[in-house]
Amino acid sequence: MAELGSKGVTAGKIASNVQKKLTRAQEKVLQKLGKADETKDEQFEQCVQNFNKQLTEGTRLQKDLRTYLASVKAMHEASKKLNECLQEVYEADWPGRDEAGKIAENNDLLWMDYHQKLVDQALLTMDTYLGQFPDIKSRIAKRGRKLVDYDSARHHFESLQTAKKKDEAKIAKAEEELIKAQKVFEEMNVDLQEELPSLWNSRVGFYVNTFQSIAGLEENFHKEMSKLNQNLNDVLVNLEKQHGSNTFTIKAQPSDNAPAKGNKSPSPPPDGSPAATPEIRVNHELEPASVDTPGATLPKSPSQSSLPAVVVETFPATVNGTVEGSSGAPRADLPPGFMFKVQAQHDYTATDTDELQLKAGDVVLVIPFQNPEEQDEGWLMGVKENDWNQHKELEKCRGVFPENFTERLQ
């Protein structure tokens, strides 16, 4: 017991707290059962609802602002890496190398400054704004407890007054406890009645200031970044002018037998990866040949005489299930007309009865369309390898699927 006293806690205090909790619990049970009336304040309850709504909105705004800051930091890192790459490929004897390096440094500083100002003018303000809510929330909860104490004291006093055998001493003591409980409750109630509406009204000015700060900082950031990008563009234009004879562009062209129009338009893969295109290799040593020859180099035109030759790899054609130019019959364990295998990189949900349902990792055996005119651009015909190995029934298992959801297996 001495140990309890040394810590400022006495047995009497503990017993008092336990008794308060029991009394409150009993009072709440009676109120819920309708056996005891409850003091109501609809205006205050509305203030509490507004407070909870304001806290929820502020917490969400704080979370989204932190996410925005994390994105700014990620973009900074990505921009820094991109500029480092430019510095690595920018050869020492090229004009504008020093200017490009200074632009990269200023770019880095601009990102850092933007992030820091967002922290100072938005995030810290947000944290300060939300910092006042825990204390008020605790006081609202305490007011609720004091209200229960007041109701309990009131009911106890009323029961003693209406008792058949009145005990004046007990009535006097109960009245004293009622007055004390009422005073404690009303003091807390009055303070909150003033603070909660004021806090609720402050949200408008806070939201305005916060988003104005963010918008202003972002506007200035993009203005300064635009200037840096223009300066970098000027440096690269100058480089192009002095080395223009060595620039070239390679674009993948659709195959001659691809249909010009199609009824199906494959959806882009979930991760936004581009549709599969023919592999293109630049070969500076090959001489141009006829474009009608598979795998041949493209001929040079007079306007492109300085461009390097481009080799476009093509896949061997199949005739009646046999690879053209090969000596043997088609393999029995593969479907007729088999051309090559692909593997699904993403899930694909079939939207028609003639489509294959794919899961990432599925291997598909690609076969030609029975009627080439039915092939829509970007779509392939095939049968899943597992289905073929199990059923060996082409008519039952084959279907079309979007090429850009798959990757060719070597």
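The protein chain exposes about 27400 Å², and carbon and sulfur atoms supply 52% of that area; accessible areas come from the Shrake-Rupley method with a 1.4 Å probe, and for residues only the protein chains shown count as cover. What you are looking at is a predicted model, in which local features need pLDDT of at least 70, side-chain atom pairs count only at pLDDT 80 or more, and totals for chains, interfaces and linings use all residues. Residues are numbered from 1 along each chain as its sequence is written, and side-chain values use heavy atoms, with hydrogens and water left out.

Of the 410 residues in the protein chain, 30% count as buried, where buried means under 20% relative accessible area, exposed means over 50%, and partly exposed lies in between (1.4 Å probe, protein chains only). Among contacts with a separation of 6 or more, 68% join residues 24 or more positions apart; a contact here means heavy atoms within 4.5 Å. The secondary structure comes to eight helices and nine strands, taken as DSSP runs numbered from the N terminus (helices are H or I with at least four residues, strands E with at least two).

Two packed helices are described by the angle between their axes and the distance between the axes. The axes are lines fitted to C-alpha atoms, for helices over the stretch in contact, and angles run from 0 to 180 degrees between N-to-C directions. Helix α3 (residues 42-89) packs with helix α6 (residues 168-242) at about 15 degrees, their axes 10 Å apart. That makes α3 roughly parallel to α6, a label for angles under 35 degrees, while over 145 counts as roughly antiparallel, 65 to 115 as roughly perpendicular and the rest as oblique. The crossing of α3 and α6 is left-handed, meaning that the near helix is turned anticlockwise from the far one by less than a right angle; clockwise would be right-handed. The residues of this contact divide into 18 nonpolar, six polar and four charged. In that count, Ala, Val, Leu, Ile, Met, Phe, Trp, Tyr, Cys and Pro are nonpolar, Asp, Glu, Lys and Arg are charged, and the others, Gly among them, are polar.

Helix α4 (residues 97-131) also packs with α6, at an angle of about 175 degrees and with the axes 10 Å apart. α4 and α6 are therefore roughly antiparallel to each other. Their contact includes 18 nonpolar, seven polar and five charged residues. As for α3 and α4, their axes come within 10 Å and cross at roughly 170 degrees, so this pair is roughly antiparallel. The contact of α3 with α4 has 19 nonpolar, 11 polar and six charged residues.

A few single residues are worth a visit. L118 sits in helix α4 and is buried, with a relative accessible area of 0%. Leaving aside residues up to four places away in sequence, L118 touches Y68, L69, V72, L123, I214 and L217. L118 and S213 are 95 residues apart along the chain, yet their C-alpha atoms are separated by 8.1 Å.

In helix α6 you will find E176, which is exposed, with a relative accessible area of 58%. E176 and A153 are 23 residues apart in sequence and 9.4 Å apart in space, C-alpha to C-alpha.

Finally, look at K392, in the loop between α7 (385-391) and α8 (394-397). K392 is not a glycine, yet has a positive phi of about 55 degrees. At 41% relative accessibility, K392 counts as partly exposed.
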